[in-house]
Amino acid sequence: RVYGRNAAALSQALRLDTPQLPVEVNPAKPRRGSFEVTLLRPDGSSVELWTGIKKGPPRKLKFPEPQEVVKELKKYLS
């Protein structure tokens with residue numbers, strides 16, 4: 001699941017790199033000022049790949065580079 005304002009760019013990067021995985025963008029209204037990426041596993045558990053909640057100021061630190069999240073995702077898929 002991808003949450004936040006930059007969700008479109010990040011979800012595109014995830015879809016290009018791992019087309020076999022479904023990507024949900026903002027399934028519910030995101031928390032204000034947050035950007036989070038969560039991997040939901042088939043067993044029902046989840047892994048937080050990115051959270052910008054405690055990052056910043058400046059505000060731009062709350063949002064990751066898409067490749068940074070793709071790299072983190074790959075750790076959990078291998």
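Is Lys 74 buried, partly exposed or exposed? At 43% relative accessibility, Lys 74 counts as partly exposed; buried means under 20% relative accessible area, exposed over 50%, and partly exposed in between, with a 1.4 Å probe and protein chains only.

## Basis of the model

This is a predicted model, in which local features need pLDDT of at least 70, side-chain atom pairs count only at pLDDT 80 or more, and totals for chains, interfaces and linings use all residues. Residues are numbered from 1 along each chain as its sequence is written, and side-chain values use heavy atoms, with hydrogens and water left out.

## Overall layout

The chain contains 2 helices and 2 strands, arranged along the sequence in the pattern α-β-β-α. Helices (H or I, at least four residues) and strands (E, at least two) are DSSP runs, numbered from the N terminus.

The radius of gyration of the chain is 12 Å, which agrees with the value near 12 Å for a compact globule of 78 residues. This radius is taken over C-alpha atoms, and the globule rule is 2.2 Å times the number of residues to the power 0.38. Along its principal axes, the C-alpha trace spans about 35 × 25 × 20 Å. Of the 78 residues, 35% are buried. The chain exposes about 5500 Å², with carbon and sulfur atoms supplying 52% of that area; the areas come from the Shrake-Rupley method with a 1.4 Å probe, and for residues only the protein chains shown count as cover. Among contacts (heavy atoms within 4.5 Å) between residues at least 6 apart in sequence, 51% join residues at least 24 apart.

## Nonpolar core

The largest nonpolar core has 14 residues, of which Leu 10, Leu 14, Phe 35, Val 37, Leu 49 and Val 69 touch the most other members. At least two residues of this core come from each of α1 (7–17), β1 (36–40), β2 (46–51) and α2 (66–77). A nonpolar core is a set of buried Ala, Val, Leu, Ile, Met, Phe, Trp, Tyr and Cys residues joined through side-chain atoms within 4.5 Å.

Leu 14 is found in helix α1 and is buried, with a relative accessible area of 7%. The C-alpha atoms of Leu 14 and Val 69 are 8.2 Å apart in space, although the two residues are 55 apart in sequence.

## Aromatic pair

The structure holds 1 aromatic pair. The ring centres of Phe 35 and Phe 63 are 5.4 Å apart and the ring planes are at 75°, so the pair is edge-to-face. Rings of Phe, Tyr and Trp (its six-membered ring) pair if their centres lie within 6.5 Å; planes under 30 degrees apart count as stacked, over 60 as edge-to-face and the rest as tilted.

Phe 35 is in the loop between α1 and β1 and Phe 63 in the loop between β2 and α2, so that the pair links distant parts of the chain, 28 residues apart. Both Phe 35 and Phe 63 are buried.

Thr 18 lies in the loop between α1 and β1 and is buried, with a relative accessible area of 5%. Its side chain reaches the backbone oxygen of Leu 14 at 2.8 Å. Not counting residues up to four places away in sequence, Thr 18 touches Leu 73 and Leu 77.

Leu 21 lies in the loop between α1 and β1, where a relative accessibility of 25% makes Leu 21 partly exposed. With neighbours within four places in sequence left aside, Leu 21 is in contact with Leu 73 and Leu 77.

## Lys 74 and Asp 17

Lys 74 lies in helix α2. The side chain of Lys 74 makes a polar contact with the side chain of Asp 17 at 3.3 Å. A polar contact is a pair of N or O atoms within 3.5 Å; within protein, one must be able to donate a hydrogen and the other to accept it, and residues adjacent in sequence count only if both atoms are side-chain atoms. The C-alpha atoms of Lys 74 and Asp 17 are separated by 9.4 Å, and the two residues are 57 apart along the chain.

## Cis peptide bonds

Most peptide bonds are trans. A cis peptide bond joins Gly 56 and Pro 57, with omega about -5°. Another cis peptide bond joins Pro 57 and Pro 58, with omega about 5°. Pro 57 is found in the loop between β2 and α2, and Pro 58 is placed in the loop between β2 and α2.
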